[in-house]
Amino acid sequence: MIEFRAVTKRFEDGTIAVDELDLTVEAGTITVFVGPSGCGKTTSLRMVNRMIDPTSGTILVDGQDVSTVDPPTLRRGIGYVIQQAGLFPHRTVLDNVATVPLLSGWDRRKARTRAAELLEIVGLDPAFGKRYPAQLSGGQQQRVGVARALAADPPVLLMDEPFSAVDPVVREDLQNELLRLQAELDKTIVFVTHDIDEALKLGELVAVFRKGGHLAQYARPAELLSAPANDFVASFVGRDRGYRTLTFLHADVPVHPVTTAKLGERTTVSDWTLVVDDENRPRGWLSGVDGEVEVSEQDLISGGSLYDGTSLRGALDAALSSPSALGVVVDEAGAVTGVVKAGDVVEALAKARAAGEVPR
Amino acid sequence: MTWILENWERFWEVTAVHLRLSVVPVLAGFALAIPLGWWASRSPKARAVLFPLANVLFTIPSIALIVITPVLIGVRILDEINVIVPLVVYTVALMVRSVADALSAVPGHVTAAATAMGYRPLRRFLTVDFPLALPVTIAGLRVATVSNISMVSVGALVGLGGYGQLFTEGYQTDHTEKVLAGLIGTVVLAVLADGVLLLLGRVLTPWARVGR
């Protein structure tokens, strides 16, 4: 658990980066600090491991006042992932990951064994261990950055805009990976970002900061969207917040059967037919062909997003983005189980609202 | 060339002195430039004083500095210190900037990560900042070494050893071969020293040449 008690940071030039911050980060959760630049979110994060010392106020990590601990010792017990990974270019990936264990006095062999384990935990081939950071892609470097932060198994992990320098596709992979890791490791994570979508996706609790170091709202993502505390939060979480609220709703939507045909098969097509491969995974739609045809790749109309049963947002998006207006539903293996319709999603939403499941 | 072959022992002796008089100042000057360069890389005030001072020192003609050194530090005119001290001054003047630039070029996210991992300042400097500054630093060191090897010859004008002796003797006795021998020696030594540093740089910084 991390507690900020009346924490203020005033820089030498007089700017107030953080103003009387009172906030508790619960143990075992991902808490996201989000806000525009200059809102004090990074300063707040860096005060936890004393990269920056507060002007006044107290910060407690698991009940201990951090100002009473020698900074290097404190930092070795707190994982840190920095923007652009901050890997040491002159050390191999394995030695980068082994940094904190070596600083803490482990012998070299034990530290390297641990580092190799961590590469696997973050989803990297151990063969990468011998390479230098410059030989890795941005996404791979960031994974190494996470592995390095986890090396000494610290209970607390600080992440300072760790995924902001990678492209959107890689960023999504890294976010999913972090959620998967957290489900296994159960760390207390503070994650800083300026990206509200990233905050809503990763945070169990989200602290929205505004310029001048004020905490505008500290709440669960669904509550930020449905009940923003003020105009600043409302505008910061964005215009699509009604739609995005659906991300946090998990209601049952009826799944309808759908006509399917296998690639290469001869079949009679009427209306929209979903074409699947041998494992029953969706490949695309077939339409506007009369009579019996052989189903071939070039006739396919590519489909929309797939719905894997996670949230109403996924269901609605699948239906809206599908050329047939039917959202394809898949199971964990990616095989087709049926389709959903947009009208059903809206109906499910109305029911959930009537049942009081939609937060106000 | 014939002079070198016929006077092999003398040539070796002069080479050894020349090498000593140029390498010792490089090592001493480098050692002094590291803390000064570090200071300049951290403090704009230090930079504002050190860089102009280094420029001024570098413009003092070497002969003047060599002649005035015994007066300033009170040693005999024939002492090797008279060449070593001015060359240390030149090396420091040259290297302060190299070291400062090299340290400033180490990416901020790397040094911040090192601090956040729990490095103490001295260990961070020795094992992160300085190794990362090596490629640029060694480039500066090569310039300083070659320029020292060329300047040591001036020491002959105040009676000190090295290839410079061959120049003065050859000039006084109208012995062109001797002058030529000194010239060849200087050039070969400079090229060899430069090569050794280049190689040393490659061995010490294997990471600097890996591509994606």
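**Close-up views of a two-chain predicted model**

Buried residues account for 40% of the 360 residues in chain A. Everything shown in these views comes from a predicted model.

**View 1. Chain A, an overview of its elements and domains.** How is chain A divided? Domain 1 covers 2–237 and domain 2 covers 260–353. Between the C-alpha centres of domain 1 of chain A and domain 2 of chain A there is a separation of 39 Å. If we take the contacts in chain A between residues at least 6 apart in sequence, 60% of them join residues at least 24 apart.

**View 2. Chain B, a chain of helices.** Chain B contains 9 helices and 0 strands, so read from the N terminus its elements run α-α-α-α-α-α-α-α-α, with helices defined as DSSP runs. The C-alpha atoms of chain B fill a box of roughly 65 × 45 × 20 Å, taken along the principal axes. Of its 212 residues, 38% count as buried. Among the chain B contacts that link residues at least 6 apart in sequence, 72% connect residues at least 24 apart.

**View 3. The largest nonpolar core, with residues from both chains.** This core has 120 residues, and those with the most contacts inside it are A:Val97, A:Val190 and B:Val96. Which element gives the largest share of this core? That is helix 5 (residues 81–104) of chain B, with 15 residues. As a general background, nonpolar side chains tend to be buried together in soluble globular proteins.

**View 4. Helix 6 against helix 7 in chain B.** Helix 6 (residues 108–117) of chain B packs with helix 7 (residues 121–151) of chain B at an angle of about 165 degrees, and their axes are 11 Å apart. Because of that angle, helix 6 of chain B is roughly antiparallel to helix 7 of chain B. The contact uses B:Val110, B:Thr111, B:Ala114 and B:Thr115 from helix 6 of chain B, together with B:Arg124, B:Val128, B:Asp129 and B:Leu132 from helix 7 of chain B. The crossing of helix 6 of chain B past helix 7 of chain B is right-handed.

**View 5. Helix 7 against helix 9 in chain B.** Next, look at helix 7 of chain B and helix 9 (residues 176–204) of chain B, whose axes come within 9 Å and cross at roughly 165 degrees. Helix 7 of chain B is therefore roughly antiparallel to helix 9 of chain B. Helix 7 of chain B passes helix 9 of chain B in a crossing that is right-handed. Among the residues making the contact are B:Leu134, B:Ile138 and B:Leu141 of helix 7 of chain B, and B:Leu189, B:Ala193 and B:Leu197 of helix 9 of chain B.

View 6. A:Gly304 sits in the loop between strand 15 (292–294) and helix 12 (312–321) of chain A. Is A:Gly304 buried, exposed or partly exposed? A:Gly304 is partly exposed, because 18 other C-beta atoms lie within 10 Å, while a buried residue needs 20 or more. Setting aside neighbours within four places in sequence, A:Gly304 contacts A:Ala318, A:Ser321, A:Ser322, A:Pro323 and A:Gly327. A:Gln142 is 162 residues away from A:Gly304 along the chain, and their C-alpha atoms are separated by 30 Å.

Technical notes
Residues numbered from 1 in each chain as written. Chains lettered and ligands numbered in written order. Predicted model: local features only at pLDDT ≥ 70, side-chain atom pairs only at ≥ 80, totals over all residues. Core = buried A, V, L, I, M, F, W, Y, C linked by C-beta atoms within 7 Å. Buried ≥ 20, exposed ≤ 12 C-beta atoms within 10 Å, placed from the backbone. Helix = DSSP H or I, 4+ residues; strand = E, 2+ residues; numbered from the N terminus. Domains from an automatic or database assignment. Contact = placed C-beta atoms within 7 Å. Axes fitted to C-alpha atoms, helices over the stretch in contact; angles between N-to-C directions. Parallel < 35°, antiparallel > 145°, perpendicular 65-115°, else oblique. Left-handed = near helix turned anticlockwise from the far one by under 90°.
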